[in-house]
Amino acid sequence: MQIHGPSHIHGAQPLHGPHGRVARSEAVGTGLPIQDELQLSDAAQLLDKVHDLPDVRWDRIAKIKAEIANGTYETEEKLQIAVERLLDEIG
């Protein structure tokens, strides 16, 4: 910081600041105040959706894993339901 004596002291300044600076909204000429804008990336939006997912049903997962390991998960009834759903989706 350099001090050059009393000759460089500014007098009273206008409210918009020294050296003729003008607020951006006045410079644009719209008279409307500047508003902040927020843009979220696709990754941030996806992460926000993850928080809305339901809790994991670990008990159900453990049961299905055990059925698969025992060979009892795939039944004729489940296969029929899957085929019907596939045909509904295709047709």
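Student: How far should the 13 residues of helix H3 span?

Tutor: The expected span of a helix is 1.5 Å times one less than its number of residues. For H3 that gives 18 Å, and its end C-alpha atoms are 18 Å apart, so the two agree. Keep in mind that this is a predicted model, where local features need pLDDT of at least 70, side-chain atom pairs count only at pLDDT 80 or more, and totals for chains, interfaces and linings use all residues. Residues are numbered from 1 along each chain as its sequence is written, and side-chain values use heavy atoms, with hydrogens and water left out.

Student: What follows H3?

Tutor: Gly71 does, and its phi is positive, near 80°.

Student: How many helices and strands does the protein have?

Tutor: Both are DSSP runs numbered from the N terminus: helices are H or I with at least four residues, strands are E with at least two. Here you'll find 4 helices and 0 strands, so going by those runs the order from the N terminus is α-α-α-α.

Student: Which residue forms a salt bridge with Lys78?

Tutor: A salt bridge needs a side-chain nitrogen of Lys or Arg within 4 Å of a carboxyl oxygen of Asp or Glu. Glu67 is the partner, with the closest N and O atoms 3.8 Å apart. The pair links distant parts of the chain: Glu67 belongs to H3 (residues 58-70) and Lys78 to H4 (residues 76-90), 11 residues apart. The structure holds 1 salt bridge.

Student: Where does the charged end of Lys78 sit?

Tutor: Over the ring of Tyr73, 3.9 Å from its centre. The test asks for NZ of Lys or CZ of Arg within 6 Å of the ring centre and within 35 degrees of the ring normal.

Student: Why does Lys78 count as partly exposed?

Tutor: Because its relative accessibility is 36%. Buried means under 20% relative accessible area, exposed over 50%, and partly exposed in between (1.4 Å probe, protein chains only). Of the protein's 91 residues, 3% count as buried.
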